[in-house]
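This report walks through one protein model, from its outline down to single side chains. Keep the structure in view as you read.

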Amino acid sequence: MDERVIQILVEAFPRLMSAAFKTMVPLTILGFSLAMVISLVVALVQVAHLPVFKQLARFYIWIFRGTPLLVQLFVVFYGLPRVGILIDAFPAAVLVFALNEGAYAAETMRAAIESVSEGQIEAGYCVGLNYVQIMWHIVLPQAMRTAFPSLSNALISMVKDTSLASVITVQEIMMTAQRINATYYEPLLLYMEAGFVYLIFSTVLTWLQSVGEKYLNKYRGGNRT
């Protein structure tokens, strides 16, 4: 590797990291936070067996799990303006990532909620709690611990999926790498460097997931004793 290539990579790295913190991190945080709200609401609607709302929830999950994320980005950013709905690139990306991940996470949350035994729910009613209190104090804390590994994996996947936002002109890591490559034309090394930036963030999140799981395991152990 000659000095020119090394210099290009050294100069490119701060720009890629800047794009990560300015765009990828906010996109991931906002998208995933909204996805968690959506998933919780959709999951609770399903386990509550509200006929019409349950069918709407299943339809939403069917649509967003059954179509590619890339298509959803194109429909929202390039398609909706045809019917008079204009959304800027970054908010469009946040919306699509939230709706897409919310559909997957809703099934994770539903399964986690249903894993809580009926006996605990009945015990809640016996001590005078209403449905909302039972869900908040008994069911959801246990469901969140059960769902934590799957939701953590989903968060790591979203970090990598933010690279797709470049197709709707969001200035994130991949678009930054493409622009640098247009100047220096070193696609192999520049795209590998971009991949390395994603790897850094994924590794940190994987470590945090491991720490979180160990903490939750100790918490479960404490409850058993």
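## Terms and ground rules

A residue is buried if its relative accessible area is under 20%, exposed if over 50%, and partly exposed in between (1.4 Å probe, protein chains only). Helices (H or I, at least four residues) and strands (E, at least two) are DSSP runs, numbered from the N terminus.

This is a predicted model: local features need pLDDT of at least 70, side-chain atom pairs count only at pLDDT 80 or more, and totals for chains, interfaces and linings use all residues. Residues are numbered from 1 along each chain as its sequence is written, and side-chain values use heavy atoms, with hydrogens and water left out.

## Overall layout

The protein chain has eight helices and zero strands. Its C-alpha atoms fill a box of roughly 75 × 50 × 25 Å, taken along the principal axes. Of the 225 residues, 40% are buried.

Contact means heavy atoms within 4.5 Å. Take the contacts between residues at least 6 apart in sequence: 77% of them join residues at least 24 apart.

## Helix α7

Helix α7 covers residues 173-184. The expected span of a helix is 1.5 Å times one less than its number of residues.

Which residues of α7 are buried? They are Ile-173, Met-175, Thr-176, Ala-177, Ile-180 and Asn-181. At the start of α7, a side-chain oxygen of Glu-172 comes within 3.0 Å of the backbone nitrogen of Met-174. After α7 comes Tyr-185, with a positive phi near 50°.

## Nonpolar cores

A nonpolar core is a set of buried Ala, Val, Leu, Ile, Met, Phe, Trp, Tyr and Cys residues joined through side-chain atoms within 4.5 Å. The largest one has 35 residues. Ala-93, Phe-97, Ile-113, Val-139, Leu-151 and Ile-168 touch the most other members. Helices α1, α3 (69-79), α4 (89-114) and α6 (131-161) each supply at least two residues of this core.

A second, separate core holds 12 residues, including Ala-20, Val-159, Ala-177 and Tyr-198. Back in the largest core, look at Ile-168. Leaving aside neighbours within four places in sequence, Ile-168 contacts Leu-73, Phe-77, Tyr-78, Ala-89, Ala-92 and Ala-93.

## Aromatic pairs

Rings of Phe, Tyr and Trp (its six-membered ring) pair if their centres lie within 6.5 Å; planes under 30 degrees apart count as stacked, over 60 as edge-to-face and the rest as tilted. The structure holds five such pairs. Phe-21 and Phe-201 have ring centres 5.4 Å apart and planes at 65°, so this pair is edge-to-face. Phe-21 lies in α1 (residues 3-47) and Phe-201 in α8 (residues 187-224), so the pair ties together parts 180 residues apart in sequence. Phe-201 is buried, at 14% relative accessibility.

Phe-59 and Trp-62 form a tilted pair: 5.7 Å centre to centre, 50° between the planes. Both lie in helix α2 (residues 51-66), three residues apart, about one turn of the helix. Phe-59 is partly exposed at 47%, and Trp-62 is exposed at 60%.

## A closer look at Thr-28

Is Thr-28 buried or exposed? At 5% relative accessibility, Thr-28 counts as buried. Thr-28 is found in helix α1. The side chain of Thr-28 reaches the backbone oxygen of Met-24 at 2.8 Å. Leaving aside neighbours within four places in sequence, Thr-28 contacts Ser-33, Leu-155, Met-158, Val-159 and Thr-162.

Conventions: Polar contact = N/O pair within 3.5 Å; in protein donor to acceptor, adjacent residues only side chain to side chain.
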